[in-house]
Amino acid sequence: MSELCPPFAPFFGFAGVASAMVFSTVGAAYGTSKAGIGITGLGTFKPELLMKSLIPVVMSGIIAVYGLVVSVLIAGGLSPQIEYSLYAGFIHLAAGLSCGFTGLAAGYAIGIVGDACVRAYVYESRIFVTMVLILIFAEVLGLYGLIVALILNTRTSGLDGVCSL
């Protein structure tokens, strides 16, 4: 083990995996539950609008997929047979945190907007287009984190042999 590749370096990579998965899933769960509460309230008044109102729940689920993709990519760079640098560990931690925290924020935004707009949809059908547009902008927050995480993850390629310097 060298200075560049201490034995605790993989801890940061695994922390990135956990961060991406946990935070984005918590955001998706909150968005699903918050929007689901509004949908069940809508269903008691106008059950014919239920299927169109499931959009916030679907968009919340996509946030968890972003975290899953980043977690799998980071975990693919971790192996006990390959030396792992501290630099790669910090990059993987940053990638996991960027995806996880933006997923958490997007999930919260989707849940709050989905709940409010679905409840308003009961009384005014024209709110549907507004709801979809706001949900798209909320979803993009998570997509930004995914893009940053993917860019960061590519920075670890080509680091083979760094530990032997």
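## Packing of helices α1 and α2

In this predicted model, helix α1 (residues 9-45) and helix α2 (residues 55-76) have axes that come within 8 Å and cross at roughly 175°. Angles over 145 degrees count as roughly antiparallel, and therefore α1 is roughly antiparallel to α2. Sorted by class, the residues in the contact of α1 with α2 comprise 14 nonpolar and 10 polar ones, with no charged residues.

## Annotated domain

The UniProt record, an unreviewed entry, places the feature "domain: V-ATPase proteolipid subunit C-like" at residues 16-74 and 93-152.

Residues 16-74 are 85% helix and 0% strand, and the end C-alpha atoms of this span are 7 Å apart. Residues 93-152 are 92% helix and 0% strand, with 10 Å between the end C-alpha atoms.

## Aromatic residues

A pair of aromatic rings is described by the distance of the centres and the angle of the planes. Rings pair if their centres lie within 6.5 Å, and by this rule the model has 6 aromatic pairs.

Elsewhere in the chain, one aromatic cluster is formed by F8, F11, F12 and F90.

Methods: Residues numbered from 1 in each chain as written. Predicted model: local features only at pLDDT ≥ 70, side-chain atom pairs only at ≥ 80, totals over all residues. Heavy atoms only, no water. Phe/Tyr/Trp six-rings, centres within 6.5 Å; stacked < 30°, edge-to-face > 60°. UniProt positions renumbered as here; feature names shortened; annotations may be inferred. Helix = DSSP H or I, 4+ residues; strand = E, 2+ residues; numbered from the N terminus. Axes fitted to C-alpha atoms, helices over the stretch in contact; angles between N-to-C directions. Parallel < 35°, antiparallel > 145°, perpendicular 65-115°, else oblique. Nonpolar A, V, L, I, M, F, W, Y, C, P; charged D, E, K, R; others polar.
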